[in-house]
Amino acid sequence: MDDHAAATGIDAPTEDKAWQLRVEAARGANTPISIRGWLRVVRRVLMLVALLLVCLPSHFVFRILAYGSPFPMYFLRYSAWICGARVEVEGTHLKRDVFYVANHISWLDILSLAGACGTAFVAKAELEETPVVGWLASLNRTVFVKREHRMGVAEQINALKEALADNWAVTVFPEGTTTDGQSLLPFKTSMLSVLEPPPPGVLVQPVLLDYGQVAEWIGWVGEEGGLNNAKRVLARNGTFPLKVRFLEPFCPDEIRGRKAIGQEARRRIEDALLETLGKPLRPFAHDVPPIRYEAGAAKQVPDDTAP
C-alpha cells in the first residue's frame with residue numbers, strides 16, 4: 001500500500017489527487033470508487049450482515065428473558081470495528097444517570113460511542129436516511145432531529161426524557177452538524193432543556209471524539225450527502241484510530257440554566273481538543289443554520305491542497 005493511501009484511505013495516484021476528491025465531496029460531488037474500494041465496501045457490508053444475523057436474534061431472545069439487552073451495544077461496537085475504527089477509550093464513563101455532551105465528526109461517532117458505553121443519542125435527521133447506519137442507530141433509540149425543526153422542540157425534549165429514563169444515558173451533539181476535527185462550533189443548547197431542571201441524580205459528562213488527522217478525510221462536512229460519505233468510509237483502505245475521551249463529569253444543579261451548562265461542557269471539550277491538537281482551533285468553513293453560524297469570508301470548502 002502506498003504511503004499516501006495509508007494516510008488518506010483513498011485509492012488515488014497521489015495524495016494531491018486524493019485531497020481533490022475529498023474537496024469535491026465536500027462540494028456535493030459523487031466520489032468515484034475504485035474496484036478495490038468497492039470490494040472493501042462489499043466485504044464490510046457482508047460482515048455487517050453476518051454480525052446482524054448473530055446479534056439480532058440474540059437481542060430478541062434476551063428481551064424475552066430480561067430487560068436491557070446488551071446486544072445493540074455489542075452490535076454497534078463491532079460495526080465500528082468493521083468500518084475501520086479502532087476505538088481506544090480514555091477516562092472513566094458513568095454508566096447510568098448521565099447526559100453525555102460530545103463533539104461530532106462522523107456517523108461513526110454513534111457506532112463507536114454507543115459501542116463504548118451503550119448510550120442513546122440525539123442526531124441529525126439526515127443520518128436516519130443513511131443506508132444501514134440509520135437503521136443501526138435507531139436500534140439504540142436515537143432521537144433524530146430535523147434541521148428545519150419540523151419536529152417540535154417539546155416533542156424532542158419528551159423523547160430525550162424517555163430515552164434517559166430507559167437507557168440511563170443519552171448523548172447530544174450540540175454543534176448542530178458534523179465538523180472536520182479541527183474546529184469546535186458554538187453549542188446549540190435547546191436539547192439541554194431536558195436539564196431544566198435536571199432529573200434527580202443526573203450528571204453531565206463531556207466527551208471528546210478524536211480521530212486525529214483522519215478526521216480531515218472522513219468528516220461529513222459541507223454539501224456531501226450521507227450515502228456518499230458512507231460509501232467513502234466503507235471503501236477506505238486500512239483502519240484508523242479513534243479515541244473516545246470521557247472528561248470529568250459535573251453536576252448540572254451547580255450550573256443553572258441550559259446555556260451555562262452548554263458553555264461549561266464546551267469549555268471542557270475545547271480545552272481537551274486544544275491539548276490534543278497542540279495548535280489553535282481553526283474556523284469551520286461551512287455555514288451551519290441550526291446554530292446560526294456563518295462562515296462569512298472563510299466560507300469555502302477546504303483549500304485545494306492536502307492538509
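Buried means under 20% relative accessible area, exposed means over 50%, and partly exposed lies in between (1.4 Å probe, protein chains only). The model is predicted: local features need pLDDT of at least 70, side-chain atom pairs count only at pLDDT 80 or more, and totals for chains, interfaces and linings use all residues. Residues are numbered from 1 along each chain as its sequence is written, and side-chain values use heavy atoms, without hydrogens and water.

Q: Why is helix α5 called largely enclosed by the rest of the structure?
A: Ten of the ten residues of α5 (residues 108–117) are buried, so the helix is largely enclosed. Among them are L108, I110 and C117. Helices are DSSP runs of H or I with at least four residues, strands are runs of E with at least two, and numbering starts from the N terminus.

Q: Why is D97 called partly exposed?
A: Its relative accessible area is 28%. That value lies between the 20% and 50% cut-offs, so D97 is partly exposed. D97 sits in the loop between β1 (85–90) and β2 (98–102).

Q: What is the phi of D97?
A: Phi is near 50°, a positive value in a residue other than glycine. Most residues other than glycine have a negative phi.

Q: Why is L53 called exposed?
A: The relative accessible area of L53 is 62%. The cut-off is over 50%, so L53 is exposed. L53 belongs to helix α3 (residues 35–65).

Q: Which peptide bond is cis, with omega near -5°?
A: The bond from E196 to P197. P197 lies in the loop between β5 (169–172) and β6 (203–210).
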